[in-house]
Amino acid sequence: MGVTKEVVEATLKSKMNPTYLEVVDTSGGCGASFVVEIVSEQFEGKRLLERHRMVNTALAEEMKEIHALSIKKALTPAQWDQQKESNATVSAT
Amino acid sequence: SLRCFSALTPGLKTTIDKVVTADKVVLFMKGTKDFPQCGFSNTVVSILRSLNVPFETHNILENELLRQALKEYSNWPTFPQLYIDGEFFGGCDITVESYKSGELQEVLEKAMCS
């Protein structure tokens, strides 16, 4: 049994304590491949490289079997709210 | 800490040190800049091309030992891996995100002038 979306979700939930998490399986059957969007307090004060490293470290075990991991969003809750707001403004105009 | 096996021997580390400082912008990727063999690598090549910076690419598919050693060297599990001014900058997602925010252009400008 390889790595599933559920396993990735469970690991990130327990290690990153996210306020928002979305894991999308993009493998299409050819091997484990995921896109991740994650919002966590733990990213506060961290640069993008550090944030991605934190996610990679949390998934260190799973990464051995994951072929591709795309971290599309790694935001703090404040940035997440801000982004939602600006998106709302864009779609409203 | 004790390790049973490490691909990053002192010799390889010295070699990688030299390779990442030989050019201002170095990309370790799947394939070459003229023939990328993975969408993620292709994305980073396209971004660097659009910014009009000179860069060197190295094909990690041709050297399994280098591939494993680089993962330890950068403490980064996947490819492509972009180095600017001898320092690890990030993978595909970080490159795309910082290209959009303008941070990549800033870092590259600084590197080109140093």
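Helices (H or I, at least four residues) and strands (E, at least two) are DSSP runs, numbered from the N terminus. The model is predicted, so local features need pLDDT of at least 70 and side-chain atom pairs count only at pLDDT 80 or more, while totals for chains, interfaces and linings use all residues. Residues are numbered from 1 along each chain as its sequence is written, chains are lettered from A and ligands numbered from 1 in the order in which they are written, and side-chain values use heavy atoms, with hydrogens and water left out.

Begin with Ser74(B), which belongs to helix α3 of chain B. Ser74(B) has a relative accessible area of 3% and is therefore buried (buried means under 20% relative accessible area, exposed over 50%, partly exposed in between, with a 1.4 Å probe and protein chains only). The side chain of Ser74(B) comes to 2.8 Å from the backbone oxygen of Leu70(B). Leaving out residues up to four places away in sequence, Ser74(B) touches Gln81(B), Tyr83(B) and Phe88(B), and also Arg53(A); contact here means heavy atoms within 4.5 Å.

Helix α3 (64–74) of chain B is also one of the elements against which the buried residues of α1(B) pack, together with β1 (25–29) and β5 (81–84). Helix α1 of chain B covers residues 10–22, 13 residues in total, and spans 18 Å from its first C-alpha to its last, close to the expected 18 Å at 1.5 Å a residue. The expected span is 1.5 Å times one less than the number of residues. Leu12(B), Ile16(B) and Val20(B) are buried in α1(B). They lie on the same side of the helix because they cover an arc of only 65 degrees around the axis, the arc being that of the directions from the helix axis to the C-beta atoms. On the face turned away from the buried side, α1(B) carries the exposed residues Pro10(B), Lys18(B), Thr21(B) and Ala22(B).

In chain A, Arg51(A) sits in helix α2 (residues 48–58). Arg51(A) is buried but has no salt bridge, and the nearest side chain of opposite charge, that of Glu44(A), is 6.2 Å away. For charge, Lys and Arg count as positive and Asp and Glu as negative, and His and the chain ends are not counted. A salt bridge is a side-chain nitrogen of Lys or Arg within 4 Å of a carboxyl oxygen of Asp or Glu. Polar atoms of the Arg51(A) side chain do lie by backbone oxygens: that of Lys46(A) at 2.8 Å and that of Ala74(A) at 2.9 Å. Leaving aside neighbours within four places in sequence, the contacts of Arg51(A) include Phe43(A), Leu75(A), Thr76(A) and Gln79(A).

The loop between β2 (32–39) and α2 of chain A holds Arg47(A). Gly45(A) lies in the loop between β2 and α2 of chain A, and is exposed at a relative accessible area of 76%. Gly45(A) and Glu6(A) are 39 residues apart in sequence, and their C-alpha atoms are 29 Å apart in space. Arg47(A) is exposed as well, with a relative accessible area of 54%.

Arg47(A) is in the loop between β2 and α2 of chain A and Glu103(B) in helix α5 (residues 103–113) of chain B, so the pair joins two chains. Glu103(B) is partly exposed, with a relative accessible area of 27%.

Within chain A, the side chains of Lys73(A) and Glu37(A) meet in a salt bridge at 3.8 Å, N to O. Lys73(A) lies in strand β3 (residues 66–75) and Glu37(A) in strand β2, so this pair ties together parts that are 36 residues apart in sequence. Lys73(A) counts as partly exposed at 23% relative accessibility, whereas Glu37(A), at 12%, counts as buried. A network of salt bridges links Glu37(A), Lys72(A) and Lys73(A).

Chain B has a salt bridge between Asp34(B) and Arg49(B), whose closest N and O atoms are 3.3 Å apart. The pair links distant parts of the chain, 15 residues apart: Asp34(B) is in the loop between β2 (31–32) and β3 (35–36), and Arg49(B) is in helix α2 (residues 39–50). Asp34(B) counts as exposed at 68% relative accessibility, and Arg49(B) is partly exposed at 41%.

How values were computed: A polar contact is a pair of N or O atoms within 3.5 Å; within protein, one must be able to donate a hydrogen and the other to accept it, and residues adjacent in sequence count only if both atoms are side-chain atoms.
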